[in-house]
Amino acid sequence: MTVSISTLEVGQQIGSAIIALTRQDLVRYAGASGDLNPIHWNQAFAEGVGLPGVIAHGMFTMGAAVQLVTDWVGDPAAVVDYQTRFTKPVVVEDTTAQPGEPGAVVEVTGVVGAIDTEKSTARVDLTVMSAGQKVLVKAQAVVRLP
Amino acid sequence: MTIDPNLQGRSYPAGETYSVGREAIRDFARAVKATHPAHYDVDAAAALGHADLVAPPTFAIIVAQRADAQLIGDPSAGIDFTRVVHADQRFVHHRPILAGDQLVAALHVDSVRAMGGGAMITTRAEISTVDGEPTATTTSSILVRGEDQ
């Protein structure tokens, strides 16, 4: 690992990431996770329950956003606590006819929010935006550091 | 459908064992666009001191949602799945989930709160190995929207 608790400071940026996604990514997540709710892949069904369109699984966004932390800390097992609230849905447009064109883009930035030297942990606060709106709120990952 | 007000405090014992496979970890990692080699390459995981492939931080949702299905699929609970919205989620890892783990999850309904015409239900899955070693605690709140919401 490259990150050491002794050199960390509260307020320190850990970097940023851009996640471009398509409806195919939602189908892949549905299959891998077992969450087959049609609001994540069927336009007519999503609209029928009052959604603006097909939306990403909240758990897709949560799962993808934490990669910024994993890559920064250098070991996925260092993430000992991770939580979020889901506030706004990520609407994913159908770009099947435009290969390579994302249906939605999620932007993730992270900052060190707290350090606990006794427990040798740090809390990373994530800001997760899509289409100009916060889609995750209180997205916090606690990592154990050497 | 109405939510059973006595749901709070209900528990569902550990159900079927979930066997964590290497390919399931690789597939889930790809699905959340995780590129860390410890999810894919046993040698890379070993270099970090792990006995096998390391699951991504949210992998436990697979096990937790299987446990949740016991509640949501329980007709006596009165939950209409088509009206469910995921409100919040937390994972506390007691140790990393690795390929080869045999996991079970006991589900607890921690709270039920009326919200408008619907309800906010918070569940907790205590995930452990079949040998009883605590692995992860996941907490999830779902909003079951009322008929007019």
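This is a predicted model: local features need pLDDT of at least 70, side-chain atom pairs count only at pLDDT 80 or more; totals for chains, interfaces and linings use all residues.
Two residues are in contact here if their C-beta atoms, placed from the backbone, lie within 7 Å.

**View 1. Where chain A and chain B touch.** The contact draws 29 residues from chain B and 29 residues from chain A. On the side of chain B that touches chain A, α1 (22-31), α3 (61-72) and β3 (84-93) of chain B each contribute at least two residues. The biggest giver on that side is β3(B), with eight residues. Sorted by class, the side of chain B that touches chain A holds 15 nonpolar, nine polar and five charged residues.

**View 2. Strands paired across the two chains.** Look here for strand β2 (residues 79-86) of chain A, which is joined to β3(B) by five bridges. The two strands run antiparallel. One facing pair to pick out is A:Q83, which stands opposite B:R90 in β3(B).

**View 3. Inside the nonpolar cores.** The largest nonpolar core has 74 residues, and A:A65, A:V143 and B:V63 touch the most other members. Leaving aside residues up to four places away in sequence, A:A65 touches A:V108, A:L126, A:V128, A:L136 and A:A139. Another core lies apart from the largest one and has seven residues, among them B:A119, B:I121, B:L143 and B:V144.

**View 4. The annotated stretch of chain A.** An unreviewed UniProt entry lists residues 13-96 of chain A as "domain: MaoC-like". From end to end, the C-alpha atoms of residues 13-96 of chain A lie 36 Å apart. This span is 38% helix and 20% strand.

Key. Residues are numbered from 1 along each chain as its sequence is written. Chains are lettered from A and ligands numbered from 1 in the order in which they are written. UniProt positions are given in the numbering used here, feature names are shortened, and annotations may be inferred rather than shown by experiment. Helices (H or I, at least four residues) and strands (E, at least two) are DSSP runs, numbered from the N terminus. Ala, Val, Leu, Ile, Met, Phe, Trp, Tyr, Cys and Pro count as nonpolar, Asp, Glu, Lys and Arg as charged, and the others, Gly among them, as polar. Two strands pair if DSSP finds at least two bridges between them. A nonpolar core is a set of buried Ala, Val, Leu, Ile, Met, Phe, Trp, Tyr and Cys residues joined through C-beta atoms within 7 Å. A residue is buried if 20 or more other C-beta atoms lie within 10 Å of its own, exposed if 12 or fewer, and partly exposed in between; C-beta atoms are placed from the backbone.
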